[in-house]
Structure formats: C-alpha cells, structure tokens
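Here is a friendly walk through one protein model for anyone meeting it for the first time. Please keep the sequence and the 3D view at hand while you read.

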Amino acid sequence: MNSRPRRLRRTPVVRAMIREHAVRVDALVMPMFVVARESDAGPISSMPGISRLTLEQAVAEARELYALGVRSVLLFGIPDRKDAVASSNYDPNGIVQRTIAAIKAAVPQMYVIADLCNCEYTDHGHCGIVDEHGDVDNDKTVDLLVRTALTYAQAGVDVIAPSDMMDGRVEALRRSLDARGYTAVTIMAYSAKYASAFYGPFREAADSTPQFGDRRTYQMDPPNAREAMREISLDIEEGADVVMVKPALPYLDIVRMARDTFDVPIAVYNVSGEYSMVQAAIERGWLERDRTIDELLVSFVRAGADIIITYFAKEYAQRAATRG
Ligand code: PBG
C-alpha cells in the first residue's frame, strides 16, 4: 500500500497543520432585529437565543459584538405602523435610520449593513407595491426601494443589501446613490435568493408573512441553478459590489458554482430556519452544540463564501475568544 492518508490525521498538530479552511470571525455578520415600539422587543420563540431589540439594546449589542470581533451587523426594522406603500420604511426618522445613526455614533468602525426590503413595512406583507391584480409591480417597487435607500445612506449606512428580488434594482440604486454623492455606499445584492421554506422563523421575527399568495413570483425557484448564475451576473453588471446566495445549507452547490464563475466577493446567508433547526436538535440533545456549529460554518467557507451572515455569529465569536 503506498497511499496511507491516515498518516496525516494521526495527531491534532498535523491535522491543524494541513487544515485547508478556517472560519474567520471577521468574516461573520450578525443579523439584528430592531423594534420601533418597545413593547415589540423580547425573545423570538422560534429562534432560541435571538431577540427583537430596542434601539438602546441594539447599540449595546453592537458594542459587545465589536469587542468580540464581530465587525458587521445586518439590520432589520420592525416598524410601529404598516401600510400598502411601506411609508414607514422611507421615513428619515424610521427605526432603521435611527439605528444606523446610533450605532455609527457609538461604534464608528462597525460595518453597518441595512437590509433593504418592504415586507416588514407593508400591511399585506409583500416585498413591494401590489397592483390591482395582486401582483407585485416591479418598477414602482424599485422607485420605492431607491427612496428608502437614500434615507439609509443619509443616516450613514455602510452597505445597502436589497433583498426584494425586483429586476433592475441594483442599477437604479447605484445610479441614485451616486447622483447624490453616496459613491462610497456599498451594495451587497441578495442575488440568488430562493423562495425558501427556511425563512419561516424570520417571518415571525419580522412580522412579515404575506397576507395572501407567496413570494414565488419574485424569489427564485429552488430547483434552478443556471438561473442563479444569470441573476448574479446581472447584479454584477448593474454594479453590485458583493453578491449573495440565500439560504446557505441547501444551496452550497450554488455558492460553489458562483465562486468558480465570478470573481466578486460572495456572501452566504445562513437563514433563520437553518438556525432554528439546529437549535431545536441541540435542545433535544440530538446534536452536539459546538461541533455542529463549527462544521456548519466551515462548510460555507469550503463552498467558497467570503462573507457569512449567521445568527450564530455572536456565539461563535464568544467561543473563539475563550479558545484564545
Ligand atoms: C426580506 C428578508 C427575508 C429574509 C431576509 N430578508 C424574508 C423573506 O424574504 O421572506 C430572511 C432571513 C432569514 O430567514 O433569516 N425580504
């Protein structure tokens, strides 16, 4: 036998020496839910360990995360009023705008990303303007997104992350941001975002379940892979700085395909349902906590992701800190 791969697995030292991939805490992004109304704050039952935060709590959390080495947060707002046109989303004094400003004032180096979508702000729960046939109107929705994005930019956001899946929004955003002098505001596009069952817990957290129909006319059909490459290439042409694949675990083939096809940074979103299923199994004693989380996170790196958005970010960083 001339090949004995086990030789290189004999001790922790040699295993560490030849290890091909590692999770960097500074590549992690922690999502945060921030409420306009204090009574909406508190634990999210389907996401053990994750809470909806008041603005003050969000600032405190940002400080703590930064100290732990998590240098980026992704903000979601839970407004105190909803209507058909998501007007609480483009309110310059809205919850996301105020949170951006407060975090940037308290922790200036924190890289603040704002999710840009309308579903948390519309009374019907869809990601855009619904027309008389019940369809989401693409171009009117893009105008709305631009309007909101400019208020986020004004508040000092570092990155805008459109998650609506409307066509042409990246180009419209880039053009309007540049025209107002916000050339430094970065666009991280949710490019290959699938119509996934794994967003279930998020919709409880963000109170954004569609009141009729579903999101299949704008989010991607799960069996499609080539189409994901097309969505990503369009977003790059339109000016996206970073592209995203979402969810993560069931779409690691898409991450790998994107990594081999494009040379822009790729983000992956380890979504709410992926978090909740792991937490549920850990709670039942069916999976071992630390090893499971480590194995999950490194799978994203191995698949080719540069940026990992995960509800495990804080916990992982805490453990990395105690490991030394
Ligand atoms: C907003 C948005 C969603 C998520 C991120 N941005 C929900 C959806 O599209 O229904 C999901 C995040 C998660 O599940 O953790 N459109």
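Let us begin at the ligand, where an N or O atom in the side chain of Tyr-311 is 2.6 Å from an oxygen atom of the ligand. Taken alone, the ligand exposes 400 Å², and the protein buries 100% of that. Accessible areas here come from the Shrake-Rupley method with a 1.4 Å probe, and for residues only the protein chains shown count as cover.

Before going further, a word on the model: it is predicted, so local features need pLDDT of at least 70 and side-chain atom pairs count only at pLDDT 80 or more, while totals for chains, interfaces and linings use all residues. Residues are numbered from 1 along each chain as its sequence is written, and side-chain values use heavy atoms, with hydrogens and water left out.

**Around the ligand**

Which residues come nearest to the ligand? Of the 18 residues around the ligand, they are Lys-193, Arg-203, Lys-246, Ser-272 and Tyr-311. A residue is near a molecule or strand if one of its heavy atoms lies within 4 Å of it. Lys-246 has a polar side-chain atom 3.4 Å from a nitrogen atom of the ligand. For Ser-163, an N or O atom of the side chain is 3.4 Å from a nitrogen atom of the ligand.

Contact means heavy atoms within 4.5 Å. Arg-169 sits in helix H5 and is buried, with a relative accessible area of 1%. The terms are set as follows: buried means under 20% relative accessible area, exposed over 50%, and partly exposed in between (1.4 Å probe, protein chains only).

A polar atom of the Arg-169 side chain lies 2.9 Å from the backbone oxygen of Tyr-190, and a polar contact of 3.4 Å joins the side chains of Arg-169 and Asp-235. A polar contact is a pair of N or O atoms within 3.5 Å; within protein, one must be able to donate a hydrogen and the other to accept it, and residues adjacent in sequence count only if both atoms are side-chain atoms.

Helix H5 covers residues 169-179, and its buried residues are Arg-169, Val-170, Ala-172, Leu-173, Arg-174, Ser-176 and Leu-177. What covers these buried residues includes strand S5 (111-116), helix H4 (138-155), strand S6 (159-162), strand S7 (186-193) and helix H7 (226-238). Helices (H or I, at least four residues) and strands (E, at least two) are DSSP runs, numbered from the N terminus. Just after H5, Gly-181 takes a positive phi of about 90°.

**A histidine in a loop**

Is His-126 buried or exposed? His-126 counts as buried, at 4% relative accessibility, and lies in the loop between S5 and H4. The side chain of His-126 reaches the backbone oxygen of Phe-212 at 2.8 Å and makes a polar contact of 2.7 Å with the side chain of Tyr-218.

**Salt bridges**

Side chains of opposite charge can pair when their charged atoms come close. A salt bridge is a side-chain nitrogen of Lys or Arg within 4 Å of a carboxyl oxygen of Asp or Glu. By this rule the count comes to 20 salt bridges, including these pairs:

| Asp-40 | Arg-37 | 3.0 Å |

Asp-294 is partly exposed, with a relative accessible area of 24%, whereas Arg-319 is buried at 12%. Glu-61, Glu-64 and Lys-314 are linked in a network of salt bridges.

**One more loop residue**

Ser-87 is found in the loop between strand S4 (72-78) and helix H3 (95-106). Ser-87 is buried, with a relative accessible area of 15%, and its side chain makes a polar contact of 2.4 Å with the side chain of Asp-83.
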